Amino acid sequence: MKVPVSLTVNGERVAAEIEPRTHLGDFLRDHLRLTATHLGCEHGVCGACTVLVNGEPVRACITLAVSIDGAEVKTLEGLQGEALMETLKAAFHEKHGLQCGFCTPGMLISAWDLLKRRRDLDERAVRVAMSGNLCRCTGYQGIVRSIMAAAEKVGAAAPSTIKEPLR
Amino acid sequence: MKPAPFSYVRPASLEEAVRVLAAGGGAARPLAGGQSLVPMLNLRLAPAEQVVDLTRIEALRRVEDRGTSVFYGALTPHAAFEDGKVPDASNGLMRHVAERFAFRAVRNRGTIGGAIALADPAADWLPTVIALGARLHVAGPEGERIIPAEEFVLGPYFTALGEGEILVGVEVPKLAASARWGYSKVTTKVGEYAESMAIAVVDRARRSARIVLGAADGAPIVLADLAARLLDGARPEDLAAAIRAELVASERDFAPAKLVMHTTTIVRAARDAVS
């Protein structure tokens, strides 16, 4: 039996009738055709499907869409043009933060949240905080470099990590 | 990786949730943050005919400083502990624990009550709240009752909760300023479930000590003998043989390598709590 759900997705109100077992990832991709959110493992391990719910990162594949009825959801599409996300995307481009790109939407959203929350990031802190997002191409070196570059740009890096003197 | 079909109900009150769960028998499953239940549904490891969504029940969100204790509603997310958004009863232990399991996206949705009620033998909150001497508040068809944390878990994924009973919250007595704690955990990868974890809470001034081993293939083990020795002034580094003997006496049938690992985490946690 289908149940009603209504969400605000990337600023737009959406209402639908869905099966209760529909997870948020399938709802975004199959019902709304928002395909920036990638589904990898579908049991909460790989982090590719990370989206923002009420401003906080969650895993879309282990969040039942109906259980967040009324919530505000943001996907990578909804962060287009947002200043911090654009800084991150530029850094991923410059520092080789992706190869195949499958994990990238989840990486970008987790990193976006990290840079919003923390002001003490060094390489180890980035690695620990990003450990829930798996990448099978890069070996993570480029991803960590990208996030550190963006962190330095927006003042989220620990002072000890900045090699060039600040002007 | 899609769940089998189930029906869904979202009770607005605790009374309604108890009624629905009791009527559903074993086929109705309570949903809190869903960070264990939904993966289990996706993998079809957990059969459920009905999911009872508890997330809109305000009574489960309450967090209260009660003077000598703090009451954490079952739906308090791990991230609230990590970010220091709730009052601390534990001299920082709960925050330290919450920062170190799973991943931020999971900690945002996962809840302390859901984690405890699931009773995964390798999960972190159980040994923590046992070490802190917490009282678990439960509501059910027969009314409310309080279960001491160490009596809550009977085995892996097996708790003292009866049919239709819901964990309402965790009441943690405030540690005295003189209490110290130690924490040691072994995982194969950041954010993974523990291979071994030990938590020690020692207050020599008040002659109280509690050392708990988690990831112990069943309910967490409370090491009473070790607690007594620590209060008598023994150094944890000298107690490895005694700890090993106490673990063997628990009859859990630990593999030799696991015994070494558990003994190590226990020594480290105890050392940090008394040094």
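Biologist: Which domains does the domain assignment give for chain A?

Modeller: The model is a predicted one, and in chain A the assignment gives domain 1, covering 3-78, and domain 2, covering 81-158. The centres of domain 1 of chain A and domain 2 of chain A, taken over C-alpha atoms, are separated by 22 Å.

Biologist: How do you know that domain 1 of chain A and domain 2 of chain A are in contact?

Modeller: Contact requires heavy atoms within 4.5 Å, and by that rule 16 residues of domain 1 of chain A are in contact with 13 residues of domain 2 of chain A. The area buried between domain 1 of chain A and domain 2 of chain A is about 1100 Å², and carbon and sulfur atoms give 68% of it. On the side of domain 1 of chain A, the residues His38(A), Thr50(A) and Leu76(A) supply 41% of the area buried against domain 2 of chain A, which is more than any other three residues.

Biologist: What is the count of salt bridges between domain 1 of chain A and domain 2 of chain A?

Modeller: That count is 0 salt bridges, while the count of residue pairs in polar contact between domain 1 of chain A and domain 2 of chain A is 4. The elements giving two or more residues to the side of domain 1 of chain A that touches domain 2 of chain A are strand E3 (50-53) and strand E4 (56-59) of chain A, and the largest share, 3 residues, comes from E3(A).

Biologist: What makes the pair Lys2(B) and Glu42(A) a salt bridge?

Modeller: The rule asks for a side-chain nitrogen of Lys or Arg within 4 Å of a carboxyl oxygen of Asp or Glu, and in this pair the closest N and O atoms are 2.7 Å apart; the pair therefore meets the cut-off. Across the interface of chain A and chain B the rule finds 3 salt bridges, and there are 12 residue pairs in polar contact between chain A and chain B. The elements that give two or more residues to the side of chain A that touches chain B are E4 and helix H3 (104-117) of chain A, and E4(A) gives the most, with 4 residues.

Biologist: How many residues of each chain are in contact, and what area do chain A and chain B bury between them?

Modeller: In this interface 27 residues of chain A are in contact with 28 residues of chain B. About 2400 Å² is buried between chain A and chain B, with 57% of it on carbon and sulfur atoms.

Biologist: Which domains does the assignment give for chain B?

Modeller: Chain B is assigned domain 1 (7-53), domain 2 (58-173) and domain 3 (180-274). Between the centres of domain 1 of chain B and domain 3 of chain B, taken over C-alpha atoms, there are 35 Å.

Biologist: Why are E1 and E2 of chain B said to stand at the edges of their sheet?

Modeller: The sheet is an open one of 3 strands in the order E1-E3-E2 (chain B), with parallel pairing. Strand E1 (7-9) and strand E2 (28-31) of chain B each have a single partner strand, so one side of each is left without a neighbour in the sheet. Neighbouring strands of this sheet are turned by 25° against each other on average, with direction ignored.

Biologist: What is the order of the open sheet of 5 strands in chain B, and which sense does its pairing have?

Modeller: The order is E4-E5-E10-E6-E7 (chain B), and the pairing is antiparallel. Its edge strands are strand E4 (63-65) and strand E7 (143-148) of chain B, each of which pairs on one side only.

Terms used: Residues are numbered from 1 along each chain as its sequence is written. Chains are lettered from A and ligands numbered from 1 in the order in which they are written. This is a predicted model: local features need pLDDT of at least 70, side-chain atom pairs count only at pLDDT 80 or more; totals for chains, interfaces and linings use all residues. Side-chain values use heavy atoms; hydrogens and water are left out. Two strands pair if DSSP finds at least two bridges between them. Domain bounds come from an automatic or database domain assignment. Buried area is the accessible area (1.4 Å probe) that two parts lose on being put together, summed over both. A polar contact is a pair of N or O atoms within 3.5 Å; within protein, one must be able to donate a hydrogen and the other to accept it, and residues adjacent in sequence count only if both atoms are side-chain atoms. Axes are lines fitted to C-alpha atoms, for helices over the stretch in contact, and angles run from 0 to 180 degrees between N-to-C directions.
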